[in-house]
Amino acid sequence: MLVTVNKKRIEIFNGATAGDAVLAYSGPSFLRVMNSTLVIYDRFGNETDPGGALMEGADIYIKKPKRHD
Amino acid sequence: MTKYFSGMLTAMMLFFATIGFSQDPEKVEPVEVIILHTNDMHAKIDNFPKLAYLADSLRKIHPYVFLVSAGDNFTGNPVVDMIPDKGYPMIDLMNHCGFDVSCFGNHEFDLGQDFLNKRIGQANFPFICCNLDASGAILKQPKPYVVLNAGPDITLAFLGLIQLDANGLPSSHPSKMTGIRFSDGVSKALDFRWLKEKYNILILLTHLGVEEDVRLADSLPEADLIIGGHSHTLIEKSMTENGVRIVQAGSNLKYVGKTVLTIEKGKITGIRDEVVPLSAIKNSNKEMEDLVKKYNENEEFSKVVGVTETKMEGAGELGSLMTDALTDQLKVDFAFQNNGGIRIQSIEKGNITLKDIYKLDPFGNQVVIFKMKADEIKSLICYAYQLEKGIDLQVSGMTYSVKDNGNHQCGEVAMKLPCGKKLDPSKEYSVAMNNYIAATYKFDHRDPGNAASVTTAEALINFLKSKKTVDYSGVNRALLKP
């Protein structure tokens with residue numbers, strides 16, 4: 001299926017998670033997600049766990065975590 | 001006398017103040033209902049004592065507190081998944097916490113229908129799903145919805161929905177769902193519009209993912225609230241689509257969602273929602289702590305799942321074991337395992353325990369299956385060889401050799417079946433690998449691949465249990481040709 005990570009098109013197997021898509025996008029980014037220096041967000045701006053299921057056409061973004069004051 | 005009248009006056013003032021003497025007798029005070037919601041707990045049990053403490057604390061001061069789960073209660077923790085009574089710890093802990101209802105998640109099916117029936121039977125709360133027909137299956141037909149009461153006048157209808165993949169099934173191994181028919185959740189939900197008219201309050205308890213929840217809200221604006229799961233989304237800021245509030249609380253029981261409904265004359269007049277990080281709750285329920293400790297210290301993990309007749313050493317022997325498990329358990333032609341995913345150097349001769357398996361394969365990797373032709377398999381082997389500057393992929397179902405063209409460039413690749421014949425270039429083979437290889441290795445494949453909804457470790461455990469004894473002495477199926 002096709003998804004995008006930071007607007008880059010990624011072709012990934014059906015049933016892939018958000019983490020799989022980030023892994024396919026960039027190994028170093030995946031490691032940063034796993035140690036929480038980067039966070040995955042969906043197109044609505046919600047934080048998404050790397051284990052979250054992805055749908056065909058999903059757009060996700062990896063960014064620095066939002067501050068929780 | 002003056003003292004008497006003064007006392008009477010005070011009492012009368014208090015009386016009228018209490019009954020609201022000047023109030024409109026038609027006016028009904030608003031009622032607040034608190035819904036605590038989890039989703040995608042994935043068998044993570046460590047925060048249950050904090051969840052129980054929070055729920056109990058709210059129940060002490062509030063008459064109407066409900067605790068609900070939006071599915072995927074199971075799968076993701078060996079102390080729940082890989083024991084003979086698989087899944088039971090979650091049901092026990094959810095019972096102790098006082099859950100009121102759960103919808104089905106796709107990973108509920110990972111238990112298998114027999115186990116799932118048992119777990120649902122042990123639960124003190126219903127599992128609901130409206131887009132599932134189990135009339136031809138082992139699974140007992142769940143109710144589509146449940147109605148919870150908050151006092152005599154307020155009824156909340158919860159309707160359960162489960163996601164489907166492109167293949168029309170939830171994301172679990174198809175063999176686990178034999179005989180069950182599924183229909184599109186969003187379409188099916190429309191058949192239950194009447195719940196809103198009958199009960200005034202309609203809450204959709206979904207395991208669809210946030211994108212589908214948005215589609216659902218667009219189709220069913222009558223709904224008051226969607227409590228979602230599946231996409232592991234942490235909705236921290238209120239999210240409303242087409243007038244329908246959508247909430248979801250991350251995953252792995254790191255958070256619990258708290259949605260407060262203000263209800264007047266049976267109808268919702270206000271919704272407040274927040275997600276509460278359970279790490280921020282400093283107290284915990286002591287009884288639950290003991291239960292969680294008991295489950296985490298399960299002696300099952302020292303139990304023997306198989307025996308090796310010889311010490312297994314190196315990537316060749318260990319990787320052959322791991323890939324044989326995949327070809328055997330997933331019924332595929334070939335399987336590959338990258339050396340980087342083999343996390344121990346050896347397993348001593350003798351007993352193999354569950355602990356050994358989780359040391360060997362600790363990542364919780366999922367199995368992905370591709371349909372591939374020989375030239376595509378060759379491209380995978382070559383990519384891995386050049387990536388790691390040497391043999392990287394262990395294999396089952398075939399042997400292969402790589403000739404180095406110099407400077408770690410992949411040259412001739414010779415692939416042979418166990419009978420000694422070459423692979424048929426026109427044939428499509430089924431090939432299993434872990435999700436790490438599937439996501440990161442750049443190789444030719446016309447088939448996009450499909451997650452098999454089983455972990456590589458689970459396959460290995462089941463393989464060893466079925467074989468009982470293995471011997472991989474000297475096995476090495478991937479060679480560098482001189």
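The exercises below, each with a worked solution, concern a predicted model.

**Exercise 1. The outline of chain B**

Describe chain B by its helices and strands, its box, its buried share and its contacts.

*Solution.* Begin with the secondary structure: chain B has 14 helices and 28 strands. Next, turn to the space that the chain takes up, where the C-alpha atoms of chain B fill a box of roughly 115 × 45 × 45 Å along the principal axes. Then consider accessibility, for which 53% of the 482 residues of chain B count as buried. Finally, look at the contacts in chain B between residues with a separation of 6 or more: residues 24 or more positions apart account for 74% of these contacts.

**Exercise 2. The cysteines**

Find how many disulfides the structure holds over all chains, and work out which parts of chain B are linked by B:C382 and B:C410.

*Solution.* Over all chains, the structure holds one disulfide. A disulfide is a covalent bond between the sulfur atoms of two cysteines. Here the partners are B:C382 and B:C410, whose sulfur atoms are 2.1 Å apart, which is within the 2.5 Å that the cut-off requires. The pair links distant parts of the chain, since B:C382 lies in helix α12 (residues 374-388) of chain B and B:C410 in strand β24 (residues 410-416) of chain B, 28 residues apart. The angle about the S-S bond is -55°, and the link of B:C382 and B:C410 is left-handed. Both B:C382 and B:C410 are buried.

For contrast, take B:C103, which is in no disulfide and has its nearest cysteine sulfur, that of B:C129, 7.4 Å away. With a relative accessibility of 0%, B:C103 counts as buried. B:C130 is likewise in no disulfide, and the nearest cysteine sulfur, again that of B:C129, is 6.1 Å away. The relative accessible area of B:C130 is 6%, so this residue is buried.

**Exercise 3. A pair of helices**

Describe how helix α2 (residues 48-61) and helix α4 (residues 88-97) of chain B pack, and which residues meet.

*Solution.* The first step is the geometry: the two helices pack at an angle of about 20°, with their axes 9 Å apart. Because of that angle, α2(B) is roughly parallel to α4(B), as angles under 35 degrees count as roughly parallel. The crossing of α2(B) and α4(B) is right-handed.

**Exercise 4. Buried places**

Explain why helix α1 (residues 18-25) of chain A is described as largely enclosed, and then find what B:R119 and B:T456 touch.

*Solution.* Seven of the eight residues of helix α1 of chain A are buried, and therefore the helix is largely enclosed by the rest of the structure. The buried residues in α1(A) are A:A18, A:G19, A:D20, A:A21, A:V22, A:L23 and A:A24.

B:R119 lies in helix α5 (residues 113-122) of chain B and is buried, with a relative accessible area of 1%. Not counting residues up to four places away in sequence, B:R119 touches B:F74, B:D85, B:K86, B:G87, B:Y88, B:I91 and B:L111.

B:T456 lies in helix α14 (residues 456-467) of chain B, and a relative accessible area of 5% makes B:T456 buried. Leaving aside neighbours within four places in sequence, B:T456 is in contact with B:L326, B:D361, B:N365, B:Q366, B:V367 and B:N434.

Technical notes: Residues numbered from 1 in each chain as written. Chains lettered and ligands numbered in written order. Predicted model: local features only at pLDDT ≥ 70, side-chain atom pairs only at ≥ 80, totals over all residues. Heavy atoms only, no water. Helix = DSSP H or I, 4+ residues; strand = E, 2+ residues; numbered from the N terminus. Buried < 20%, exposed > 50% of the residue type's maximum accessible area, 1.4 Å probe, protein only. Axes fitted to C-alpha atoms, helices over the stretch in contact; angles between N-to-C directions. Parallel < 35°, antiparallel > 145°, perpendicular 65-115°, else oblique. Left-handed = near helix turned anticlockwise from the far one by under 90°. Contact = heavy atoms within 4.5 Å.
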